[in-house]
Amino acid sequence: MAFTELCIYQVKPQKTEEFETLMREVKSFLEKQEGLRLLRFSKREYRIDMEQIKEGLPPRKLTRIVKSVKYVLYWEFDTKESYGAAQKNLYESYWKPIEKCLVVPHDKYLGEVLF
């Protein structure tokens, strides 16, 4: 059964350029991990409220930064074991430089793919 991680990074505003440059390098590294099926990385740049949803309107571009800039990393592996090995490799190589860019430690949401 496929295994996934959704990771939320809250980056210090003054560290966004450094973080994005680092994550481009991390992406190349992560794509080489055994068992990786899918890798996505995005930056939170929009918001949507209930009125926009009800009207079918597109989301609004964020206009200011409050405390941090948020990023999401999503990756999917063939097994939990492949995921665990990739985490170890990430920890041994890029973990500390990533953590130095963050306001708070990142959040991880883990689970098996349901559908």
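Visitor: Is Glu 112 buried, exposed or partly exposed?

Guide: This is a predicted model. In it, Glu 112 is partly exposed, with a relative accessible area of 38%.

Visitor: Which residue does Glu 112 form a salt bridge with?

Guide: Start with the general idea. Side chains of opposite charge can pair when their charged atoms come close. Here the partner of Glu 112 is Lys 80, and their closest N and O atoms are 3.8 Å apart. The pair links distant parts of the chain: Glu 112 lies in strand S6, Lys 80 in helix H3 (residues 80-93). They are 32 residues apart. Lys 80 is partly exposed too, at 44% relative accessibility.

Visitor: How many salt bridges does the count come to?

Guide: The count is ten. Look at Asp 49 next. Arg 60 forms a salt bridge with Asp 49, with the closest N and O atoms 3.2 Å apart. Arg 60 sits in strand S4 (residues 60-61), while Asp 49 is in the loop between strand S3 (46-47) and H2. Eleven residues separate them. Arg 47 also forms a salt bridge with Asp 49, at 4.0 Å between the closest N and O atoms. Arg 47 is partly exposed at 37%, and Arg 60 is partly exposed at 43%.

Visitor: Which residues are linked in a network of salt bridges?

Guide: Find Glu 20, Arg 24 and Lys 43. Salt bridges link them in a network.

Visitor: In what order do the four strands form the open sheet?

Guide: Strands of a sheet pair through backbone hydrogen bonds, either parallel or antiparallel. In this sheet the order is S2-S5-S1-S6, and the pairing is antiparallel. Strand S2 (36-43) and strand S6 (107-112) are the edges, each pairing on one side only. Neighbouring strands are turned by 10° against each other on average, direction ignored. Now look at one pair. Strand S1 (residues 3-11) and strand S5 (residues 69-77) share nine bridges. Thr 4, for one, has Glu 76 in S5 as its bridge partner.

Visitor: Which residues make the nonpolar surface patch?

Guide: Ile 48, Met 50 and Ile 53 make a patch of about 290 Å². Met 50 belongs to helix H2 (residues 50-55). Met 50 counts as exposed, at 51% relative accessibility.

Terms used: Residues numbered from 1 in each chain as written. Predicted model: local features only at pLDDT ≥ 70, side-chain atom pairs only at ≥ 80, totals over all residues. Heavy atoms only, no water. Patch = residues over 30% accessible without salt bridge, like charges linked within 9 Å, V, L, I, M, F, W, Y side chains within 5 Å. Areas by Shrake-Rupley, 256 points an atom, 1.4 Å probe, with all protein chains shown as cover. Salt bridge = Lys/Arg side-chain N within 4 Å of Asp/Glu carboxyl O. Helix = DSSP H or I, 4+ residues; strand = E, 2+ residues; numbered from the N terminus. Buried < 20%, exposed > 50% of the residue type's maximum accessible area, 1.4 Å probe, protein only. Pairing = 2+ DSSP bridges. Axes fitted to C-alpha atoms, helices over the stretch in contact; angles between N-to-C directions.
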